[in-house]
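Hi,

Here is the structure we talked about. Please open it and keep it on screen while you read my notes below.

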Amino acid sequence: MLRINDYIIKNESTFRIGGAVQEVFFPESIDELLVLLKQKNYDIVLGNCSNVLFSSQKINKTIILTKKINNFTFDGNKLYVSCGVRGPIISNECLKRNLTGFEFLIGFPGSFGGMIAMNASAHGQSISDTFIKAEIYNVDKKKVQIFTKSDMNFSYRNSIIKDKNFIVLNAEFELKNGEFDKIKDIMDRNKSFRTQNQPGLTYGNAGSIFKNPINDSAGRLLDLCELKGCKSGGAMVFEKHANIIINYNNATSLDVIQLMHKMYSKVKEKYTIELEPEIIYVGSDKTENMLWKEMKK
Ligand SMILES: Cc1cc2nc3c(=O)[nH]c(=O)nc-3n(C[C@H](O)[C@H](O)[C@H](O)COP(=O)(O)OP(=O)(O)OC[C@H]3O[C@@H](n4cnc5c(N)ncnc54)[C@H](O)[C@@H]3O)c2cc1C
């Protein structure tokens with residue numbers, strides 16, 4: 001298994017930001033991942049790093065990245081998938097098999113581990129819709145457990161995985177039978193919506209920066225605060241979507257956090273609503289941690 005010290009993490013993240021991480025592991029199978037989880041004193045398990053802001057400064061942490069764990073199989077309309085597999089791959093595989101339920105996954109680069117933890121959703125579909133069960137490593141009890149849908153406490157951008165010390169290993173989903181042309185049409189519409197309204201991966205970004213407050217949209221509130229195009233160093237609020245920050249010119253993590261802090265403060269001042277970051281911050285820098293904590297009260 002690949003293990004790298006002082007690994008520059010920038011190119012692993014969709015934000016394309018990040019400094020040297022003390023120690024990074026790349027397990028290539030669930031067995032290798034389990035060995036690490038049982039034996040290693042690690043700080044965090046990540047998938048495709050599409051919802052993460054890494055610090056540009058030295059990161060004194062041990063990180064496990066699951067992106068090399070890539071197994072999946074179909075049995076009729078059942079899917080068995082390992083945590084490291086990326087959504088768009090499965091969206092296309094479902095199309096080949098005339099299976100509906102994962103058309104939304106064509107639009108963004110999350111791994112199944114990350115998407116289950118976050119209960120990823122878009123275009124009226126979510127991970128929880130087709131989820132049957134998952135094999136989870138319980139870090140505190142040091143054992144593998146099976147969690148069914150009712151164990152998962154899925155809600156908007158949340159699940160029991162995010163709240164507790166659980167690691168997703170494998171999962172099972174049940175898709176519905178559909179028609180090729182209809183499935184393809186939905187996927188094409190999802191793709192074209194993204195091309196028209198979002199940066200895709202043309203610029204580094206991590207999708208939506210803040211969660212939507214209850215019964216409202218973070219993008220709407222940020223737009224009303226006239227934040228589109230607002231800059232901090234090499235980071236900028238995307239011109240077409242006020243809840244996305246793009247790395248348009250070698251942004252640092254501090255550029256992004258300062259811009260987020262400005263967005264957060266403007267909405268708080270104007271609407272007395274405190275937006276909560278949807279992305280996670282991984283770093284050891286004091287100033288960044290201080291600004292981050294002010295937004296995570
Ligand atoms: C261009 C773009 C568009 C996006 N659009 C959307 C969208 O429409 N809808 C949406 O929901 N998200 C969207 N996102 C955000 C992101 O893709 C999702 O949140 C996705 O679920 C993150 O998956 P990941 O593998 O990259 O997770 P990471 O960023 O690697 O990790 C995210 C969280 O999941 C946890 N995690 C990862 N793997 C595991 C595991 N095996 N076990 C337990 N916890 C784990 C991590 O610890 C972390 O807390 C977008 C991102 C980008 C870049």
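Start with Val256. This residue touches Ile17, Leu53, Ala235, Ile245 and Ala251, leaving aside residues up to four places away in sequence. Keep in mind that the model is predicted.

Where does Val256 belong? It sits in the largest nonpolar core, which has 87 residues. Leu53, Ile116, Val168, Ile245 and Val256 are the members that touch the most others in this core. Helix H8 gives the most to the core, with eight residues. In soluble globular proteins, nonpolar side chains tend to be buried together.

Now look at the sheet. Three strands make it up, in the order E15-E16-E17. The sheet is open and its pairing is antiparallel. Which strands lie at the edges? They are E15 (231-232) and E17 (245-247), and each pairs on one side only. Strand E16 covers residues 235-237 and pairs with E17 over three bridges. Find Met236 there: Ile246 in E17 stands opposite.

Best wishes

Notes. Residues are numbered from 1 along each chain as its sequence is written. This is a predicted model: local features need pLDDT of at least 70, side-chain atom pairs count only at pLDDT 80 or more; totals for chains, interfaces and linings use all residues. Two strands pair if DSSP finds at least two bridges between them. Helices (H or I, at least four residues) and strands (E, at least two) are DSSP runs, numbered from the N terminus. A nonpolar core is a set of buried Ala, Val, Leu, Ile, Met, Phe, Trp, Tyr and Cys residues joined through C-beta atoms within 7 Å. A residue is buried if 20 or more other C-beta atoms lie within 10 Å of its own, exposed if 12 or fewer, and partly exposed in between; C-beta atoms are placed from the backbone. Two residues are in contact if their C-beta atoms, placed from the backbone, lie within 7 Å.
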